[in-house]
Amino acid sequence: MCENDIGKSIYNLAVELFPICRSITGNGVRETLKIIRHEVSDLNISEVASGTRCFDWTIPPEWNIKEAYLINPDGEKIVDFSKNNLHVMGYSEPVNKTIPLEELQEHLYSLPDMPDAIPYVTSYYERRWGFCITHQLRENLQKGNYKIYIDSTLEPGQLTYGEIVIPGKSKKEIFLSTYICHPSLANNEISGPVVTTYLAKWLLGLRQREYTYRIVLVPETIGSIAYLSEKYEHLKNNVVAGFCITSIGDDNAYSYVESKYGDTVSDRIARHVLNHIAPNYKSYPFVQGGGDERQYCSPGIDLPLVTVMRSKHYEYPEYHTSKDDLDFISPAGLYGGYNVLKYCLLCLEHNEVLQNTFLCQPHLSKYGLYPTVSIKREKADFRIIKNLLSYTDGNNDLLSIAEILGIKMWDLFAIVDQLKGKELLEGTS
Amino acid sequence: MCENDIGKSIYNLAVELFPICRSITGNGVRETLKIIRHEVSDLNISEVASGTRCFDWTIPPEWNIKEAYLINPDGEKIVDFSKNNLHVMGYSEPVNKTIPLEELQEHLYSLPDMPDAIPYVTSYYERRWGFCITHQLRENLQKGNYKIYIDSTLEPGQLTYGEIVIPGKSKKEIFLSTYICHPSLANNEISGPVVTTYLAKWLLGLRQREYTYRIVLVPETIGSIAYLSEKYEHLKNNVVAGFCITSIGDDNAYSYVESKYGDTVSDRIARHVLNHIAPNYKSYPFVQGGGDERQYCSPGIDLPLVTVMRSKHYEYPEYHTSKDDLDFISPAGLYGGYNVLKYCLLCLEHNEVLQNTFLCQPHLSKYGLYPTVSIKREKADFRIIKNLLSYTDGNNDLLSIAEILGIKMWDLFAIVDQLKGKELLEGTS
Amino acid sequence: MCENDIGKSIYNLAVELFPICRSITGNGVRETLKIIRHEVSDLNISEVASGTRCFDWTIPPEWNIKEAYLINPDGEKIVDFSKNNLHVMGYSEPVNKTIPLEELQEHLYSLPDMPDAIPYVTSYYERRWGFCITHQLRENLQKGNYKIYIDSTLEPGQLTYGEIVIPGKSKKEIFLSTYICHPSLANNEISGPVVTTYLAKWLLGLRQREYTYRIVLVPETIGSIAYLSEKYEHLKNNVVAGFCITSIGDDNAYSYVESKYGDTVSDRIARHVLNHIAPNYKSYPFVQGGGDERQYCSPGIDLPLVTVMRSKHYEYPEYHTSKDDLDFISPAGLYGGYNVLKYCLLCLEHNEVLQNTFLCQPHLSKYGLYPTVSIKREKADFRIIKNLLSYTDGNNDLLSIAEILGIKMWDLFAIVDQLKGKELLEGTS
């Protein structure tokens with residue numbers, strides 16, 4: 001599939017998933033995961049019951065919603081959940097009554113500085129109800145009584161998440177995590193699951209993999225906490241690198257959020273790939289992050305995760321509003337994000353510590369790896385081979401060597417294969 | 001006491017102490033320490049006898065002086081010790097004779113480039129006598145015979161120093177050292193003892209202290225060496241941080257002299273406090289220092305001391321001249337220095353390594369530490385709590401965390417108390 | 001001998017050695033080493049037989065050449081080895097025939113972008129023959145048959161190298177290596193052997209040496225590999241620092257090529273000396289090197305070598321052409337290189353870890369090392385002594401101390417001697 005086609009396919013999946021009303025629990029999450037399972041049949045769907053204790057947290061009741069609207073004193077349906085699922089505050093309790101405007105105001109959410117945008121608002125852990133509307137509409141509400149109707153349920157149920165485990169030669173794992181809890185929002189967040197889905201398809205299509213890949217699609221915060229509370233010991237023992245995949249579909253510059261100390265192999269790989277593919281990317285310290293990397297890197301968990309994004313949450317005005325829609329993302333934007341992450345994984349796959357089999361530099365021209373005529377200017381390719389062989393001393397992984405040589409790591413893959421083929425080089429586990 | 005009042009009180013003490021003729025030994029030191037003991041009754045005054053060996057040094061004879069003057073050929077008393085005690089070279093031997101101008105010249109000290117200033121000159125370890133005068137006066141000396149009179153004594157006696165030990169919860173000590181050997185000089189050096197006196201008063205007024213504080217008021221060089229020769233093993237075992245307090249009373253930018261390797265907790269604290277309170281401070285490497293930190297950081301002693309000053313010795317023209325008088329320092333200047341050092345000590349008191357009690361991030365909204373409605377923009381305060389809890393993994397002291405978060409360490413004190421109160425966080429000893 | 005005289009003497013030796021036709025084996029190498037042995041009688045000449053296996057390499061047949069020329073269709077001898085030994089490709093096999101221009105072209109080497117320069121070309125490990133000519137000449141070759149004559153031999157013989165071992169107080173060694181395989185080329189490369197010869201003479205003239213010096217004059221690549229295959233275990237155990245000496249005779253800015261990781265004492269010394277003597281030098285990472293440091297620093301060998309040069313190979317147009325002749329180097333250029341390397345060795349000789357004999361700072365004025373009158377401005381010299389004594393704590397070598405003090409290391413030599421003489425300081429082995 002060519003670049004253009006992959007981008008379009010990812011975008012089409014986003015179009016299909018975008019309208020579903022997701023939250024941290026409920027049928028929207030289930031429906032989303034089932035559609036993704038059409039793409040990746042290895043997806044395993046699990047549930048955790050409401051009330052389950054996960055570290056310091058408790059799985060809340062399951063929330064589902066059928067219908068919701070607001071009727072003004074003139075009898076006009078001025079807000080309708082069926083037109084935009086952002087209109088209802090996430091986890092709104094059911095309500096069906098008529099109240100005066102003054103009382104309604106306490107339940108309305110709007111953005112004065114973005115008067116034509118509907119904000120995305122939730123209240124997962126305290127019972128409330130609310131409507132999210134444009135500030136334009138709010139400014140024009142007339143005095144009088146409003147009929148309020150929210151047909152939702154908050155009942156004991158399940159938190160649902162998806163998991164794909166793709167085995168590799170090693171039991172050591174690369175961990176990918178994305179969110180499935182946002183309603184109709186495009187960059188943050190349907191871009192994450194769709195790009196992740198296509199990364200899973202690409203990984204499954206590889207002839208072989210060095211690492212095992214663990215890919216989770218979870219509701220933000222409570223989902224990752226639930227997952228960690230089940231699996232953190234396994235993850236701590238096995239995960240060698242990982243990425244949070246979020247906000248990865250628009251056309252703006254890439255963003256990179258460091259791991260907690262900025263010193264993991266995931267950081268090194270992300271910086272290397274971005275430096276060579278998108279050098280104008282923006283780098284953020286961990287304290288400016290704010291997704292599930294907080295959970296994955298929390299004290300005692302400490303997984304080596306970074307986040308590679310396009311426009312970062314909080315940093316673009318459309319964030320968490322109805323403006324973050326399918327026009328804000330694009331096939332090219334999604335493909336770009338997919339491609340950067342694919343190169344990160346490719347680099348991880350090839351990032352072994354290498355060791356010369358010979359003492360001293362081998363006689364390269366014997367192997368056809370160096371010209372037999374010495375000319376005035378050494379060709380760059382031959383210089384790369386000699387430089388590579390200077391640093392394959394058992395102390396450096398291939399990423400370090402690429403950094404020392406100042407070249408793309410993937411430009412060394414074929415050379416390493418060639419030198420291994422001639423038994424001049426070997427990997428050390 | 002408000003800021004203004006503290007500054008004035010410190011200045012008033014400086015006014016009282018300024019006129020006394022101090023040297024490395026003698027009654028001036030004793031008188032100075034007795035006045036300070038009126039402020040801090042815990043001050044303990046000790047003496048070391050002349051001739052006592054201290055490492056490679058020997059305590060010199062005690063020097064005292066009653067009167068000294070110079071009478072010109074016309075019979076006019078043109079230099080009088082009673083008018084300015086800088087006029088006599090420190091440790092001048094007694095002399096009473098009449099000599100021609102040519103011979104006198106060899107005993108005169110003046111500053112051609114500061115013609116109206118009297119220089120401060122000493123000769124502690126070689127017997128000499130001398131007068132320090134303005135260069136203006138020197139240029140106008142007429143030919144003829146001058147009567148020289150110095151009524152001083154150089155006799156076996158004592159070197160006198162003061163020590164205040166203020167106990168805390170830990171036997172580990174914070175060490176503060178200041179000089180009491182300068183005659184009528186204001187920034188360098190009566191500012192040091194008076195600011196130190198008020199820091200001692202503040203420390204004594206605290207409800208509790210984490211650390212024990214050891215505060216010494218010593219003659220420069222020989223005093224700190226004498227003190228070290230008695231106590232260095234105890235100090236090496238117990239001192240965790242410390243400050244030389246000198247030149248801390250004028251209104252110019254702050255100066256910071258690194259410890260020998262610039263890597264102690266004292267360095268980190270001093271830089272943090274100055275970066276947040278006085279970011280235009282000047283930083284000097286240890287090799288540009290020149291006070292008692294040389295002794296305290298000498299090979300085999302190696303205490304973790306830095307110096308926080310205002311105008312640094314050698315760096316301002318008034319240094320070691322009669323121009324460094326009570327007009328060169330000010331209540332505001334002294335208060336500023338006191339305040340910076342107080343914040344350094346406050347930060348040290350709070351600088352513990354912190355550890356989450358829970359695995360993973362706690363459910364903050366349960367504790368009222370996070371809003372229950374999720375809105376578009378996270379409030380900075382909540383972000384600080386989440387960021388703090390990411391780094392309280394038992395590897396970081398609070399200072400490191402403040403540096404990572406890019407905020408004032410003291411902005412975290414109340415948050416840490418709150419999280420400890422909710423048993424979400426605990427200190428590790 | 002004054003600076004001017006040394007430069008002239010080095011240059012004169014270059015003039016004597018320049019015309020000899022050297023290669024990686026053969027009589028030119030033997031003749032060169034014999035001339036150098038006239039200067040340094042300690043030079044030991046060794047040989048390794050053709051066919052000897054050295055790591056992954058095999059010593060090639062010995063190559064010698066008596067005569068070679070090219071006669072054009074008009075019977076004119078248009079190329080003559082006796083006029084410039086660059087005209088024949090190094091290791092050309094014998095040939096004696098007449099061939100048409102078209103066939104000849106495949107054996108001609110010229111530089112289109114330097115039309116009046118003869119390139120330097122070799123083919124050590126694949127049998128070939130070739131002529132190197134100016135591009136001007138090549139462009140004017142007429143159609144027709146050319147008589148080709150190369151009277152060379154490629155027969156089992158020897159690879160010849162020289163070695164000078166100059167004993168010192170320690171068995172630990174400083175290693176110097178230079179090349180003797182280039183025909184008539186001046187900066188790269190007769191400058192290397194002649195400067196090295198004069199460094200050997202200087203070392204032999206020293207009253208005593210801390211270190212043993214091992215100086216080798218080897219053919220590039222195969223020579224150093226042959227040497228390493230015999231001696232690498234000894235070298236790994238004993239060599240503490242070293243320099244490749246090459247391209248050290250022209251008048252342009254100095255160049256410095258880092259060791260493999262840029263962190264050896266050789267790196268630190270080279271940077272220190274160049275920073276103080278020639279601060280506009282150019283610094284290159286190891287990957288931009290390309291001489292025998294590749295062999296000496298190859299995995300498993302890992303000797304601590306750097307290269308200090310003037311114009312670096314590849315970086316100047318004259319490199320490996322007939323333009324790199326005796327006009328390209330100069331007595332001043334050679335002397336400069338000699339002097340920088342001499343200072344590097346001097347600094348290594350003095351670079352011991354120092355330790356105070358006293359606890360605390362000594363009473364310097366007792367020893368005449370500090371003035372007895374304290375004046376307003378401390379003299380820089382006294383400050384140096386006090387600063388030096390702050391860092392002689394057994395953790396720093398003298399180079400580190402010079403770097404901390406920001407002064408030339410050699411400005412400390414006399415002070416260290418003085419302090420040792422007064423038993424205030426001692427070296428630690």
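Predicted model: local features only at pLDDT ≥ 70, side-chain atom pairs only at ≥ 80, totals over all residues.

Colleague: OK. How many helices and strands are there in chain A?

Modeller: Chain A has 12 helices and 19 strands. Its C-alpha atoms fill a box of roughly 95 × 45 × 35 Å along the principal axes.

Colleague: And what share of the residues in chain A is buried?

Modeller: 61% of the 429 residues in chain A are buried.

Colleague: Let's look at helix 12 of chain A. Which residues are buried there?

Modeller: Helix 12 covers residues 413–421 of chain A, and the buried ones are Phe413(A), Ile415(A), Val416(A) and Leu419(A). Looking down the axis of helix 12 of chain A, the buried residues fall within an arc of 165°, so they line one face of the helix.

Colleague: What's on the other side of that helix?

Modeller: Ala414(A) and Gly421(A) are exposed on the other side of helix 12 of chain A. Following helix 12 of chain A comes Glu423(A), with a positive phi near 60°.

Colleague: Switching to chain B. What order do the 8 strands of the open sheet come in?

Modeller: The order is 1-10-12-11-13-16-14-15 in chain B, and the pairing is mixed. Strand 1 (44–49) and strand 15 (282–284) of chain B are at the edges with a single partner strand each, so one side of each has no neighbour in the sheet. On average, neighbouring strands of this sheet are turned by 20° against each other, ignoring direction.

Colleague: Strand 14 and strand 15 of chain B, parallel or antiparallel?

Modeller: Parallel, over 3 bridges, with strand 14 of chain B being residues 255–257. Val257(B) sits opposite Tyr284(B) of strand 15 of chain B.

Colleague: Which strands does helix 7 of chain B touch?

Modeller: Helix 7 (residues 265–277) of chain B packs on the sheet and touches strand 13 (239–245), strand 14 and strand 16 (305–309) of chain B. The direction of helix 7 makes about 55° with that of strand 13 of chain B.

Colleague: And which strands does helix 9 of chain B lie across?

Modeller: Helix 9 (residues 331–350) of chain B lies across strand 11 (173–179), strand 12 (212–218), strand 13 and strand 16 of chain B. Helix 9 runs at about 180° to strand 13 of chain B.

Colleague: I also see strand 9 in chain B. In which sense does strand 4 pair with strand 9 of chain B?

Modeller: Strand 4 (residues 62–71) and strand 9 (residues 145–155) of chain B pair in the antiparallel sense, over 9 bridges. Ile71(B) has Lys147(B) of strand 9 of chain B as its bridge partner. Strand 6 (residues 95–100) of chain B also pairs with strand 9 of chain B in the antiparallel sense, over 6 bridges. There, Pro100(B) is opposite Asn145(B) of strand 9 of chain B.

Colleague: How many residues does the contact take from chain C and chain B?

Modeller: It takes 28 residues from chain C and 38 residues from chain B. About 2800 Å² is buried between chain C and chain B, with 52% of that from carbon and sulfur atoms. In chain C, Leu359(C), Cys360(C) and Lys376(C) lose the most area to chain B, together 26% of what that side buries.

Colleague: A residue I'm curious about is Gln361(A). Buried or exposed?

Modeller: Buried, because the relative accessible area of Gln361(A) is 7%, and buried means under 20%. Gln361(A) is in the loop between strand 17 (353–356) and helix 10 (380–391) of chain A.

Colleague: What is Gln361(A) in contact with, beyond its neighbours within four places in sequence?

Modeller: Gln361(A) is in contact with Lys386(A), plus Trp57(C), Arg294(C), Gln295(C) and Ser298(C).

Technical notes. Residues numbered from 1 in each chain as written. Chains lettered and ligands numbered in written order. Heavy atoms only, no water. Buried < 20%, exposed > 50% of the residue type's maximum accessible area, 1.4 Å probe, protein only. Helix = DSSP H or I, 4+ residues; strand = E, 2+ residues; numbered from the N terminus. Arc of directions from axis to C-beta. Pairing = 2+ DSSP bridges. Axes fitted to C-alpha atoms, helices over the stretch in contact; angles between N-to-C directions. Contact = heavy atoms within 4.5 Å. Buried area = accessible area lost by both parts, 1.4 Å probe.
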